[in-house]
Each structure stands twice: as structure tokens, then as C-alpha cells.
Amino acid sequence: MTRPIIFPLPGNEPMAERLGAALGWEIGVLETRNFPDGETYLRFATNPSDRAVVLVCTLDRPDDKSLRLLFAADAARDFGAASVGLVAPYLAYMRQDRRFQPGEAITSRTFARLLSSHVDWLVTVDPHLHRYASLDEVYDVPARAVRSAPLLSDWIRANVHRPFLLGPDVESEQWVSEVAGAIGAPWRVLRKTRYGDRNVEVAVPELAIFAGHTPVIVDDIVSSGRTMAVTADQMREQGLERPVLVAVHALFSEATYRGLKDRAAAVVSANSVVHPSNVIDLTAILANAVAKIMGDGLSTNSNKEANLE
Ligand code: R5P
């Protein structure tokens, strides 16, 4: 039986440790640094030979991280790893899924081809599936998209008084409807128009019927924070409670975080990307998905510890 081993890429050590503890798997050491000229040095300090290698690398700010990840996957294979899988709690480059302007690169496809040619499987959380129905449309390897909705529901149920949920755009309906359904809360999806990277308008209908409820704005990604900020401002204009802002993937800067906190009762996120707003832990659902996708390669003990559904 091939024994699994988890290798965190830099910055992913806490998630790797939690996954290792959940699955009962060894954590390996991957040494990496930059040479003075910026190129990447990489060394497997724990031998991946004949092991089922699991690389953990979330992919916010992906341009800095992707090459190191591909080097690691390639080197693991070179050392005779039995398989190489990737846990990327945040999967980058899913939003450019068509040409919005003539001449644009469809980077989602290129990035997927690149990853698919280096890893045997992929597990991620709530990838931005809008015009793609599933990851299989772009990824050539088995790819499992874990849904964070049950965890978001649990957090809202435990922490928000009389919530009503808002999704800022049509894409968010898939998350908002599921999260709201689980807690029996009312919900609405708004209409967003994007004019530029940091310029959005969100049309919010009259929400007076929700007076006395707490608005909870749920989005998969918060990046510039403009979508959340503009939507939150409209709650104030309508005289509603200060909203709670819930993100799955917290890609926003410290300054944006401060700006959002000024507008909101709370700003929270799941820990797919390490961020001071993290309050929702994805470890258990990721561990289950990893155990499932690796299937027969796991020992019985590991399966038990992963608490398979
Ligand atoms: C877009 O389609 C996503 O679902 C998010 O709404 C978007 O990425 C948020 O971006 P920003 O924080 O820059 O407004």
C-alpha cells in the first residue's frame, strides 16, 4: 500500500499540519528559497520516493507561487513518487473563463492545462465556476470541488441574529441559495455591473421588508473589496442594520480589510487563504475530499481517521 505524505509549499504549513492531523498522515519537509537572482531553489528533505505525495499550496497571488509548485511536482516525480496530488484551497485563474474583449487570453484554460500536466489530481474549495459547469471542463485530471456552504451556514446560524442573505451578483446565487436554505433564512441576489477592476455598481432593490434582520452579504471571492463595499454602503443608505460580510476566499489587502470593517458589523472568511478575517475552518471538508480522491491508495486506518462520509 502506498503511504501518503503531505508536503506544504511555503505559507501552507498550518493547513498541511491540520490536514496531516485529520488524516493521520506524515508531513514531509520541502526546503525552498530564492537564489540572489530570484530563481527558485528546491530540495525534498524528506524522500518522496514510492510515496503518494500530496502538495498543499493555496493559489492566491498565483504568479509567485505556481512555478515553485510545478517544480515541486516535477521533482517529486523525478524522485519516484507513486503519485502527486494537489490541495489548493483557493484555485486561481478561474474568473477569466472567456474573452470579454477581443484578443484576451483565456487564462483559466492555460492555467488548468499547466496544472493538469504536473499533478494527478486536484482538490479545491468553491472554485469560481460561472461559465464552466464543473472543473472537468478545463482540468484533465480528477478534480474535486469541495463546497464550503455547510460551514458558512453553521457560522451564520451560530453568530448572526435573524440573518437575511444577499449575493452581490448572479454568480453568487449558487452559494447564497445553499447557505440560506440550510438555515431557513430569506435571501436575494443582486445585479452587479463591473466597469473595471475596481469599479463596480450593484443594483439593490428596496429591502425595507427585512428591517430588523441582519444583512449578510456572501461572496466567493473578495479581492479589491469594491463589490462588498458598494453593497454594504447600500444597506446603510436603506437604513438597514450594518451587514455581516462573509467571504470564502479572502484575497483582500489589510487596507481593504480596514475599509470593510468600517462599513460592517463583522468581516469573516474561510481559511482557504491565510488572512486575519479567517474564522471558518475548511480542514475537515478538505481532508474528506483528499481521502476520497485518493481512494484505494489509502490504508484502512487513514480512512477511519479521515471520517469518510
Ligand atoms: C466575481 O465574479 C466574484 O464572484 C467576486 O464578486 C469578485 O471577485 C469580487 O471582486 P472585488 O472584491 O474586486 O469586487
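**Strands, helices and aromatic pairs**

Val-244 has Ala-266 of strand 15 as its bridge partner. This model is predicted. Strand 14 and strand 15 run parallel and are joined by four bridges. Between them the chain passes through helix 7, and this β-α-β crossover is right-handed.

**Strand 15 and its neighbours**

- Four of the five residues of strand 15 are buried, which leaves the strand mostly covered.
- Strand 15 also pairs with strand 16 (residues 278–280), in the parallel sense and over two bridges.
- Ser-269 stands opposite Asn-278 of strand 16.

**Helix 7**

- Helix 7 spans residues 254–263, and its buried residues are Thr-256, Tyr-257 and Leu-260.
- Seen down the axis of helix 7, these buried residues fall within an arc of 100 degrees, so they line one face of the helix.
- The cover over the buried residues of helix 7 includes strand 13, helix 6 (226–237), strand 14 (244–250) and strand 15 (266–270).
- Tyr-257 has a charge over its ring: the charged end of Lys-261 sits there, 4.2 Å from the ring centre.

**Strand 9**

- Five of the five residues of strand 9 are buried, so the strand is largely enclosed by the rest of the structure.
- In a regular strand, side chains alternate between the two faces of the sheet.
- Both faces of strand 9 are covered. Pro-163, Leu-165 and Gly-167 are buried on one side, and Phe-164 and Leu-166 are buried on the other.
- Strand 9 pairs with strand 13 in the parallel sense, over four bridges.
- Within strand 13, Val-216 is the bridge partner of Leu-165.
- Strand 9 also pairs in the parallel sense with strand 10 (residues 187–189), over three bridges.
- Arg-188 in strand 10 stands opposite Leu-166.
- A right-handed β-α-β unit is made by strand 9, helix 5 (residues 173–183) and strand 10.

**Helix 1**

- Helix 1 covers residues 13–23, with Met-15, Ala-16, Leu-19, Gly-20 and Leu-23 buried.
- Seen down the axis of helix 1, its buried residues fall within an arc of 135 degrees, so they line one face of the helix.
- Gly-24 follows helix 1 and has a positive phi, near 75 degrees.

**Aromatic pairs**

- The whole structure holds six aromatic pairs.
- Phe-7 and Phe-44 make an edge-to-face pair, with 4.8 Å from centre to centre and 90 degrees between the planes.
- This pair links distant parts of the chain, 37 residues apart: Phe-7 is in strand 1 (residues 4–8) and Phe-44 in strand 4 (residues 40–44).
- Phe-7 and Phe-44 are both buried.
- Phe-164 and Phe-210 make a stacked pair, with 4.2 Å from centre to centre and 10 degrees between the planes.
- This second pair also links distant parts of the chain, 46 residues apart. Phe-164 lies in strand 9 (residues 163–167), while Phe-210 lies in the loop between strand 12 (199–203) and strand 13 (214–222).
- Phe-164 and Phe-210 are both buried.
- One aromatic cluster is formed by Phe-7, Phe-44 and Phe-79.

**A charge over Tyr-41**

- The charged end of Arg-33 sits over the ring of Tyr-41, at 4.6 Å from the ring centre.

Technical notes
Residues are numbered from 1 along each chain as its sequence is written. This is a predicted model: local features need pLDDT of at least 70, side-chain atom pairs count only at pLDDT 80 or more; totals for chains, interfaces and linings use all residues. Side-chain values use heavy atoms; hydrogens and water are left out. Rings of Phe, Tyr and Trp (its six-membered ring) pair if their centres lie within 6.5 Å; planes under 30 degrees apart count as stacked, over 60 as edge-to-face and the rest as tilted. Buried means under 20% relative accessible area, exposed over 50%, partly exposed in between (1.4 Å probe, protein chains only). A charge sits over a ring if NZ of Lys or CZ of Arg is within 6 Å of the ring centre and within 35 degrees of the ring normal. The arc is that of the directions from the helix axis to the C-beta atoms. Contact means heavy atoms within 4.5 Å. Two strands pair if DSSP finds at least two bridges between them. A crossover is right-handed if, with the strands pointing away from the viewer, the path from the first strand over the helix to the second runs clockwise.
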